[in-house]
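Subject: A structure to look through

Hello,

Here is the structure I promised to pass on to you. Please open it next to this message and follow along as you read.

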Amino acid sequence: LKLHNKVAARDAFKFASECAFDKAIQEDAFFNYAKLSFDVNKDISQFEKYSEMYPSNDKAKEINTYMSIAYLTNKDYASAIDIMHKVENPTDDVLDNLQKANMLRAVQLMNNGGYRSAMAYLNEAINIGGNKAITNLCNYYLAECYYRNNQFERAIEIQNSLATSSQFKRTAEYEFLFYNLGYSYFKQNDFQSATRMFDNYISTLPSKGSIDKDARLRLADSY
């Protein structure tokens, strides 16, 4: 390990973990073997075996952190969230990853039409806070979920709040905010506000193909 040969170190720790002369060394060797299996091949199965063999160990927090990173890497955000919820006294890094995982899981659900299911993950990410940029994005997606569930007033409330955020103005999503607001007002039959929002979107931003044409059509409808 000191020579940075993780493959050889992993194999040596594995061999040591199979020897029962000293139980303490055997357990420590297995834990190091599990960590190196993850470092070399992103294999988390050895952590699971370690936890089964040594259920009363004091390394649960470290194991759960390793496993959550592996799940995040594999885009299994639901499993990552479940694991991170088990981490006692989570560090700021764990909370940051938990916030990201909740947002990414919500996006997965939204992409499959699961807007109602996505809301719980978005709200948890917002409550965690931490990363303001991610919090803003979660609010942006949450407004979309409210819109899709015909809760237009809630969508408008969030969208108007984001419109005043100097940080959100620097994101790629900001340019679509007024387009979304236009639709939210349109669904409320507030055509005067919808006109203002669609006109704002069209007049201040470059053409965006089909979305630009749709905005012009809805602007005409509002008039």
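Let's begin in helix α12, where aspartate 221 and arginine 218 sit three residues apart, about one turn of the helix. Before going further, please keep in mind that this is a predicted model.

**Salt bridges**

The side chains of aspartate 221 and arginine 218 meet in a salt bridge, with N and O 2.6 Å apart. Aspartate 221 has a relative accessibility of 41%, so it counts as partly exposed. Salt bridges with shared partners also tie Asp214, Arg218 and Asp221 together into one network. As background, side chains of opposite charge can pair when their charged atoms come close.

How many salt bridges are there by this rule? The count comes to seven.

Another of them joins lysine 6 to aspartate 39, at 3.8 Å from N to O.

Is arginine 10 buried or exposed? Arginine 10 is buried, with a relative accessible area of 16%, whereas aspartate 11 counts as partly exposed at 41%.

**Aromatic rings**

Now for the rings. A search of the whole structure finds 20 aromatic pairs. In one of them, phenylalanine 38 and tyrosine 66 have ring centres 5.3 Å apart and planes at 80°, so the pair is edge-to-face. The cut-off behind that step is that planes over 60 degrees apart count as edge-to-face. Phenylalanine 38 is in helix α2 (residues 23-41) and tyrosine 66 is in helix α4 (residues 60-73), 28 residues apart, so this pair links distant parts of the chain.

Phenylalanine 38 is buried, with a relative accessible area of 5%. The charged end of lysine 42 sits over the phenylalanine 38 ring, 5.3 Å from its centre. Phenylalanine 38 and tyrosine 66 also belong to one aromatic cluster, together with Phe30, Phe31, Tyr33, Phe47, Tyr50 and Tyr54.

**Nonpolar cores**

Which residues have the most contacts inside the largest nonpolar core? They are Met110, Leu122, Tyr141, Cys145, Leu177 and Phe198, in a core of 41 residues. The elements giving two or more residues to this core are α6 (92-111), α7 (115-128), α8, α9, α10, α11 (191-204) and α12 (210-222). Of these, α8 gives the most, with ten residues.

Setting aside neighbours within four places in sequence, cysteine 145 is in contact with Met110, Tyr115, Ala118, Met119 and Leu122. Apart from this core lies another, of 24 residues, among them Tyr54, Ala70, Leu72 and Ala101.

**A buried asparagine**

Asparagine 149 lies in the loop between α8 (132-148) and α9 (152-163). This residue is buried, with a relative accessible area of 16%. The asparagine 149 side chain makes a polar contact of 2.9 Å with the side chain of arginine 116. Beyond its neighbours within four places in sequence, asparagine 149 is in contact with Tyr115, Arg116 and Met119.

**Two backbone angles to check**

Most residues other than glycine have a negative phi.

Lysine 75 lies in the loop between α4 and α5 (77-84) and is exposed, with a relative accessible area of 56%.

Note on methods. Residues numbered from 1 in each chain as written. Predicted model: local features only at pLDDT ≥ 70, side-chain atom pairs only at ≥ 80, totals over all residues. Heavy atoms only, no water. Phe/Tyr/Trp six-rings, centres within 6.5 Å; stacked < 30°, edge-to-face > 60°. Helix = DSSP H or I, 4+ residues; strand = E, 2+ residues; numbered from the N terminus. Buried < 20%, exposed > 50% of the residue type's maximum accessible area, 1.4 Å probe, protein only. Lys NZ or Arg CZ within 6 Å of the ring centre and 35° of its normal. Polar contact = N/O pair within 3.5 Å; in protein donor to acceptor, adjacent residues only side chain to side chain. Contact = heavy atoms within 4.5 Å. Core = buried A, V, L, I, M, F, W, Y, C linked by side-chain atoms within 4.5 Å. Salt bridge = Lys/Arg side-chain N within 4 Å of Asp/Glu carboxyl O.
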